[in-house]
Amino acid sequence: MSTNTAIAFSLSAASLLVLRLTHFRVVSMALALLVAALGALRASEYLFFPDLNVDQWIFGKFNDAARMGELTTVGFILSGVAIAMLIRRQTRFLGVSSILTCAFIVVFTALMGLTDLYFGPGGRDGSISLSAMSPMTSVGFMILMAGVLTELSRTTVKRVATAYDTGIAMLVSLVGTIATLVFWYELERQDRRSLDAELQIEAHFLAKRIGQEMENISESLERFAGRYVAAGSFADTQWRYEARTLLDDFDDLNVIALMDNDFKVTRVEPEAPYQKAIGIGLEFNPVRAATILEAHSSRETRLTSPFEITTGATEEVIFVPMFDGYTFVGMLAATADFSRNFPNWIHPAYAQFDVTVSDGDLPVMQTAAAKGPMSSLFVQADVAVVNRTWTVTLNPDVAFVEASRSRVRIFAVPLGMLLTILVALVINRAIAVSQRNKMLQKSQISLRAREMDLDFLARQLDLVISNTNEGILYLSDQGRVLMANDAATQMFALGHNDLTNLLFRDLKLCDGTGAEISLDLLNCAKQTDDLCVMGKEPKRYYTVSVSQVNRGNAGDNGYVVVLTDTTRRRENQIEREALLARLEKSNAELSQFAYICSHDLQEPLRIIGAFSERLTRHLKESGQLDDKAESYLGFVNDSAHRAQELIRDVLAYSRLDYGEIQNQNVDLNEVIQTIARDVAATDWGREVVFLSDPLPVVQVNKVQIYQVFQNFVGNAIKYAKNEGPVNIRVTCQKQGGGWCFSVSDNGIGIAEKHLTSVFKIFKRLVRSSERPGTGVGLAICKKVVDNHGGQIWVESAVGEGSTFYFTLPVEEKDRDRAA
């Protein structure tokens with residue numbers, strides 16, 4: 001209970017005691033009005049003057065956090081009014097019923113505040129609720145109203161409130177309070193939903209930002225590890241240069257360490273203050289040890305949960321295993337700390353939020369804002385970070401939640417209760433007068449209400465017309481301008497007085513050829529585009545539409561002309577067409593350049609490969625070829641062959657966009673049989689089981705569709721498991737107006753996070769030393785399917801094989817599906 005609430009209760013009780021014991025009505029009335037004024041001042045602070053600080057006027061030095069809530073202010077206003085009416089001893093029906101209505105509304109208001117405290121949104125976040133009422137305040141209002149009703153029954157000896165009076169008062173109070181309660185709770189829920197949606201957007205943004213940053217770090221570390229393995233080893237200077245470059249690229253990286261194949265730290269950058277980390281092995285920390293062993297066994301990058309490192313700080317460590325073929329070379333370790341950049345990722349409006357990022361129950365990072373109890377408005381978003389899942393939590397502060405409250409909801413409670421009082425007074429007054437006067441009053445009220453509605457609608461219409469961007473003219477049936485809005489005056493560069501009373505032909509609207517547009521022509525066309533004002537520079541173009549107004553015998557026939565400025569749209573259309581033309585030309589030139597470049601690069605690479613083989617034979621014959629020279633020449637020859645393969649694939653990929661697709665009826669059974677014969681004729685060193693369902697005859701480019709099936713089958717063999725037979729199956733199903741094909745295998749499979757990226761050109765998920773290839777095959781498949789108007793996708797799981805799907809939206813042309 002706030003200080004002002006206690007003072008208001010004391011003044012109310014004093015007013016009743018003065019009236020009961022001394023009959024000093026002036027003093028009692030002054031105290032009652034003071035109570036109502038105190039409630040009204042606090043209500044005005046909520047509604048109009050947020051800096052009024054009524055709670056701080058008397059005992060400001062205590063600066064108590066308790067405030068007189070919205071419902072409490074309404075209760076004291078009505079309590080003061082009820083006591084004031086009681087002091088005047090209004091014993092007529094109007095006075096008794098009004099006092100009863102005020103008393104019952106105060107009681108229902110107290111129950112409403114108590115309900116909000118325990119069951120409403122404010123019950124979970126009492127610190128940010130302005131409507132919840134403490135149990136002490138609710139009980140105080142009920143005791144105060146009991147005293148008012150007791151004094152009412154004592155002072156109206158000859159006019160005790162009847163059951164009819166009480167029933168009317170209770171009914172009006174109950175209906176008004178329930179209606180206000182329902183409306184207020186609906187507004188409360190809308191505010192909460194809007195706030196929750198806003199916070200969810202920020203939480204998902206932070207989660208995505210953290211995930212992207214960690215993905216960039218892990219990929220950079222993996223490339224670092226790849227360079228180390230390819231080089232065989234780094235000298236100390238080279239190691240420090242590579243590590244320092246990576247640390248400079250990422251502010252979130254603190255240290256990078258190198259571990260040998262015994263999992264012991266051999267190098268660290270920077271050395272200070274991480275020098276004592278050198279020599280640490282698996283025994284340092286169980287969390288660290290478990291993650292190291294998991295990274296070694298899975299041969300993939302792994303991230304630890306937060307633990308205390310050698311410097312005493314609690315951080316997360318990324319481990320990147322390094323393998324040369326099947327030989328474990330060592331491991332890279334790095335610590336990531338986002339605390340420096342994390343506050344900059346948060347929107348300034350949420351700077352005072354309690355924002356935390358946690359790994360399960362372990363905190364990863366958090367803002368420096370004051371930590372308070374978790375409110376029910378907190379939101380969370382999960383983000384996959386390497387092999388772990390982090391949770392981003394936003395807990396808003398009290399000031400932000402209060403600032404987000406709808407002004408409509410603040411007005412709802414006091415206005416709803418005051419409206420209930422007004423309704424009660426109107427009802428009571430209507431009952432007190434005679435039937436004849438009542439009917440007359442109802443007629444007058446109804447007429448007044450209609451006039452107010454019409455006036456309101458007229459003002460609304462005038463406001464809309466005046467502020468719309470479209471020019472609006474109202475013409476008489478002779479074509480004379482009777483009314484024009486502001487936008488129309490700007491379009492014709494005339495004032496309201498100059499534009500009014502002009503004939504439509506005087507406006508001199510013309511089309512693109514300069515021909516003047518008449519009102520009759522517009523009325524027939526209903527709408528005409530790209531008109532302009534004759535002689536006005538610079539030119540502005542408009543879409544002009546006309547509607548005829550026919551009000552029968554009212555004599556207000558005429559036309560409504562609407563002008564919409566389309567100048568910017570016209571300019572944008574011209575710019576867009578020019579841009580599209582330049583883009584098409586650029587794409588054609590780029591495709592031709594890639595084709596020519598890829599074709600011309602093959603010849604020097606072929607010469608490099610041929611002469612490296614001749615040089616090898618010459619050195620062997622002359623006895624000058626040692627093992628190291630043979631190895632180097634082998635690298636040169638192998639690189640030349642791989643470069644030729646890459647260029648051939650790029651050439652094939654560029655050819656897909658160079659020239660038109662020549663489709664023909666192709667029996668896919670023959671295509672698959674050709675591929676099956678090639679597979680059977682090749683010694684793969686293991687059994688290859690190739691199965692195919694009967695396939696249809698479709699109208700496609702035969703060479704390109706052969707490339708698709710050949711790439712899928714080749715990948716199935718290339719990415720097969722190390723042991724067991726290779727199982728390949730081709731299936732087909734009718735789907736809508738075309739076909740859906742699938743090629744499945746039992747290979748090593750693809751991780752879920754890579755399913756959408758495998759079709760990108762040069763995208764490879766394993767090293768070339770483990771599985772040969774250029775990363776262009778699946779990109780060619782996607783380009784072929786796209787060129788034929790189909791779709792392509794893959795379903796896979798690591799260790800369970802893959803199934804590649806693609807569709808061809810074509811019908812059978814020459815024959816039925818082959819049996």
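**Helix α19 and its neighbours**

In this predicted model, the buried residues of helix α19 pack against several elements: the strands β17 (664-667), β18 (688-692), β19 (697-700), β20 (726-735) and β21 (738-745), and helix α20. Those buried residues are Leu668, Asn669, Val671, Ile672, Ile675 and Val679. They lie on the same side of α19, because they cover an arc of only 160° around the axis. An α-helix has 3.6 residues a turn, so residues three or four places apart point the same way. The face of α19 turned away from the buried side carries exposed residues: Arg677, Ala680 and Ala681.

Helix α19 runs over residues 668-681, 14 residues in total. At 1.5 Å a residue, the helix should span 20 Å, and its end C-alpha atoms are 20 Å apart, so the two values agree.

Now follow α20 to its contact with α21. Helix α20 covers residues 702-718 and α21 covers residues 777-787. The two pack at an angle of about 145°, with their axes 9 Å apart. Their crossing is left-handed. From α20 come Gln704, Ile705, Gln707, Val708, Asn711, Phe712 and Asn715. These meet Gly777, Leu778, Ile780, Cys781 and Val784 in α21. By class, this contact of α20 with α21 has seven nonpolar residues, five polar ones and no charged ones.

One last stop is the loop between β21 and α21, where Lys760 sits. Is Lys760 buried or exposed? Its relative accessible area is 52%, so Lys760 counts as exposed, the cut-off being over 50%. The C-alpha atom of Lys760 is separated by 7.5 Å from that of Leu778, 18 residues apart along the chain. Leu778 is one of the α21 residues in the contact with α20.

Note on methods
Residues numbered from 1 in each chain as written. Predicted model: local features only at pLDDT ≥ 70, side-chain atom pairs only at ≥ 80, totals over all residues. Heavy atoms only, no water. Axes fitted to C-alpha atoms, helices over the stretch in contact; angles between N-to-C directions. Helix = DSSP H or I, 4+ residues; strand = E, 2+ residues; numbered from the N terminus. Left-handed = near helix turned anticlockwise from the far one by under 90°. Contact = heavy atoms within 4.5 Å. Nonpolar A, V, L, I, M, F, W, Y, C, P; charged D, E, K, R; others polar. Expected span 1.5 Å × (residues − 1). Buried < 20%, exposed > 50% of the residue type's maximum accessible area, 1.4 Å probe, protein only. Arc of directions from axis to C-beta.
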